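Have a look at it first, then try each task before you read the solution.

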Amino acid sequence: MPYFIRVALRSLLRERWVNLLSILTIAMGLLVISLVALVIYNVDLLTRRLPEKFSVVAYLKDGVSEQEALQIAASLRRHNSVEKVRYISKAEAIKELRSSVRDADYILEGLSENPLPASLEIRLRKEAVGPESVKAFADEIKKMTGIEDLQYGEKFLLSIHSLRAGVKTVGLILTLVMAAGVIFICYSTVKILFYRRKEEIETLKLLGATRGFIRVPFLVEGGVIGASGSGISLFIVLALYQGVFKSLSVAAPLFGAVLFPPEVLVSIPFAGLFLGITGALIAVGRIRY
């Protein structure tokens, strides 16, 4: 085993209680980061699926013939934001109402004629589904001849995108705060370990050891502490996902849709290792000897 690793492991075992406390504290910090990543991943996934379900419905004016409606549809298909357009006649509209709404016959009973207007269901391209782009598109086609009104769930679209932006912003702030906390813990731990080995370090200096030779074991210790904390946090978050979300999905199917991002499995261990070495690097860099 290389000298640096041997010295670092010996120091970790000798000061095991200090190191264990640091590892557990780091694990809690990385657990928060993992849970934030889980929430952001699923909210982002949900909003990315929105364009597949999203459509703009353009209601046509009374008196617009089917041929004229098809001409409007052809014109819309040439728009850069439009993926496809479906014409829904008055007869198809009432047929869909009867199939989708319970007791629709009772509601429509007594009406002498079909009250539903013909319409065009417009499916937009994925990149065009956004609060501002959809509003601009709606304002543009509202001016077209033959279109009476539009419906596209403006408030719902705005709420979803606001939620996505809010979750990402809060998640980023939490991640930065937790990452800074992990670095500080590694920094403090390595600093304590350094001063406890001061006599040993003085002896090494007298023997002619370079700064790099003295510093490297502390960097290894920082890396081991960070990686150990990340391993514990990953185990807890996986246990929470399998034990809590899977159990809750039996009673509430919504929880069954929560997915575990595979990137977390790889990124959290590396993040712990990186933050641990960074904290150790700052600690040994600030110590005068």
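**Exercise 1.** Work out how helix H2 and helix H7 are oriented where their axes cross.

Solution. Start with the axes: H2 (residues 16–53) and H7 (residues 154–196) come within 9 Å of each other and cross at roughly 165°. Axes here are lines fitted to C-alpha atoms, for helices over the stretch in contact, with angles from 0 to 180 degrees between N-to-C directions. The two helices are therefore roughly antiparallel (the label for angles over 145 degrees). Next, the hand: H2 and H7 make a left-handed crossing, meaning the near helix is turned anticlockwise from the far one by less than a right angle. Finally, sort the contact of H2 with H7 by class: 21 nonpolar, 9 polar and 5 charged residues.

A quick note on the ground rules: this is a predicted model, where local features need pLDDT of at least 70, side-chain atom pairs count only at pLDDT 80 or more, and totals for chains, interfaces and linings use all residues. Residues are numbered from 1 along each chain as its sequence is written, and side-chain values use heavy atoms, leaving out hydrogens and water.

**Exercise 2.** Find the order of the strands in the open sheet, and say which stand at the edges.

Solution. The 4 strands run in the order S2-S3-S1-S4, with antiparallel pairing (two strands pair if DSSP finds at least two bridges between them). S2 (82–88) and S4 (147–151) are at the edges with a single partner strand each, so one side of each has no neighbour in the sheet. On average, neighbouring strands are turned by 20° against each other, direction ignored. Now zoom in on S1 and S4: 4 bridges join them, and Tyr 59 stands opposite Asp 149 in S4.

**Exercise 3.** Which elements each supply at least two residues to the lining of the second largest pocket?

Solution. They are strand S1 (56–60), helix H4 (90–100) and strand S3 (119–124). H4 gives the largest share, 4 residues. Tyr 59 turns up again here, in a lining that also includes Ala 93 and Glu 121. By class, the lining has 7 nonpolar, 3 polar and 2 charged residues. The pocket's volume is about 220 Å³.

Technical notes. On a 1 Å grid over the protein atoms alone, a cavity is a set of points where a 1.4 Å probe fits but cannot get out, and a pocket is an open set with protein on both sides within 12 Å along at least five of seven lines; lining residues have an atom within 4 Å of a point. Grid points are joined across faces, edges and corners, and a volume is the space filled by probe spheres set on the points. Ala, Val, Leu, Ile, Met, Phe, Trp, Tyr, Cys and Pro count as nonpolar, Asp, Glu, Lys and Arg as charged, and the others, Gly among them, as polar. Angles under 35 degrees count as roughly parallel, over 145 as roughly antiparallel, 65 to 115 as roughly perpendicular and the rest as oblique.
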